[in-house]
Amino acid sequence: MTSEQPTPDGILRLINGYWATGLIGAAAAHSVFTHLDNGADTAARLAARAKISERGAQTLLDGLVSVGLVELRDGAYRNTAEASAYLVEGRPACLTSFAQLKLTHMGSLADLPEVVRAGGPVKHPTTEVADNPHWELVVPAIAAQSVPAATVAAEVLRLPEAGEVSILDVGGGSGIYSAVWLEANPKARSTQLDWQPINDIARRLLAERGLADRFTCLDGDFHTTDFGEAVYDIALYSHIAHQEGAEENIEVFSRLRRALKPGGALVVCDYVVEDDRSGPAFPLLFASEMLLKSNQGGTWRRSDYDGWLRKAGFEDVAFHSAPPATLVVAR
């Protein structure tokens, strides 16, 4: 009896992983998932709806079947449940803009061997500045990926029945958390702290959802802006901790602790790894992005967050799954 010999199939799929990025980005650019959802179930029908070549349509469909986002049954193509939920335009958590954005980032991976050797960016770290025109593209594109976590957080905090609560969203970007939370609780009010050009985008997006009257912005940098004392019932620090080092995170957590009213809650949302760094898979993979772009960022462990928050004065720290992210709720 011979043991089954390994094959290179899985390794070749990983080596050629950039094909998946390209396929999904191209499919998003041509609204392929939306057309499939609306009944374009063959290459010919898809080509006609999307105004692309039939050869191109067939190639996209083949690739999307390969990566598990499209199914073929009895000669008809359709979205998988995952693609239907997250890649059909107009749905709250649609990631098609993000897929197209990541297509433009592929070239930077060529620097990774040298970045690994050096332990950080070799050209220059990503320096975020307020007046960068890329915010108009990036901020709306990344908003949808926070919808699932924001929804879970609203449930964890029991926001719908929380009454007149005040929220501080630090570095809130598109304002997507404020949007989800204000829709969940019509008595809540939210204040977002971010740079002025980003706040302008958030104001527009919240106004489009009819929430402008309960949404306020503070223009500034969270590293230096005073959060106030005992002002808010809930504070949010979403997808920022991975860009900061230990001392920086502790300092911000300490100021947020002071900004909360007695009994208030701080919600930290980020890609968190197990203490032994055995998983989850996506946060482990995300660490490479921090190595490419940041001199001090990373995907931090549960024990890191627990220790930092307790040093900042919080006594109760709880973790809640919101894949691929984790919510850390501290009181």
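This report describes the sheet, the nonpolar cores and some ring contacts of a predicted model.

## The sheet

Seven strands form an open sheet with mixed pairing, in the order β5-β4-β3-β6-β7-β9-β8. The edges are held by β5 and β8 (317-322); each has a single partner strand, so one side of each has no neighbour in the sheet. On average, neighbouring strands are turned by 20 degrees against each other, direction ignored.

Strands of a sheet pair through backbone hydrogen bonds, and the pairing is either parallel or antiparallel. Strands β3 (residues 166-170) and β4 (residues 189-194) run parallel and are joined by five bridges. Here D169 stands opposite Q192 in β4.

## Helices across the sheet

Helix α13 (residues 246-259) lies across β3, β6 and β7, and runs at about 145 degrees to β7. Helix α15 (residues 302-311) lies across β7, β8 and β9, at about 140 degrees to β8.

In soluble globular proteins, nonpolar side chains tend to be buried together. The largest nonpolar core in this model has 35 residues, and L157, L159, Y177, W181, I234, V267 and L327 have the most contacts inside it. Helices and strands both contribute: among the elements that each supply at least two residues are α10 (147-156), α12 (196-208), β6 (232-238) and β7 (260-270). Helix α11 gives the largest share, six residues.

Apart from its neighbours within four places in sequence, W181 is in contact with A150, A153, A154, L157, L159, I167, I234, L236 and V267. A second, separate core has 28 residues, including L193, F227, Y305 and A330.

## Aromatic rings and charges

The whole structure contains 10 aromatic pairs. One of them is formed by F282 and F286, which are stacked, with 6.5 Å centre to centre and 25 degrees between the planes. Both residues lie in helix α14, four residues apart, which is about one turn of the helix. F282 is partly exposed, with a relative accessible area of 39%, whereas F286 counts as buried at 13%. F222, Y237 and F253 form one aromatic cluster.

Two arginines lie over rings. The charged end of R255 sits over the ring of F227, 4.4 Å from its centre. R257 lies over the face of F314, at 5.4 Å from the ring centre.

## A residue in helix α7

S97 lies in helix α7 (residues 96-103). With a relative accessibility of 41%, S97 counts as partly exposed. S97 and A29 are 68 residues apart along the chain, and their C-alpha atoms are separated by 8.2 Å.

Terms used
Residues are numbered from 1 along each chain as its sequence is written. This is a predicted model: local features need pLDDT of at least 70, side-chain atom pairs count only at pLDDT 80 or more; totals for chains, interfaces and linings use all residues. Side-chain values use heavy atoms; hydrogens and water are left out. A nonpolar core is a set of buried Ala, Val, Leu, Ile, Met, Phe, Trp, Tyr and Cys residues joined through side-chain atoms within 4.5 Å. Buried means under 20% relative accessible area, exposed over 50%, partly exposed in between (1.4 Å probe, protein chains only). Contact means heavy atoms within 4.5 Å. Two strands pair if DSSP finds at least two bridges between them. Axes are lines fitted to C-alpha atoms, for helices over the stretch in contact, and angles run from 0 to 180 degrees between N-to-C directions. Rings of Phe, Tyr and Trp (its six-membered ring) pair if their centres lie within 6.5 Å; planes under 30 degrees apart count as stacked, over 60 as edge-to-face and the rest as tilted. A charge sits over a ring if NZ of Lys or CZ of Arg is within 6 Å of the ring centre and within 35 degrees of the ring normal.
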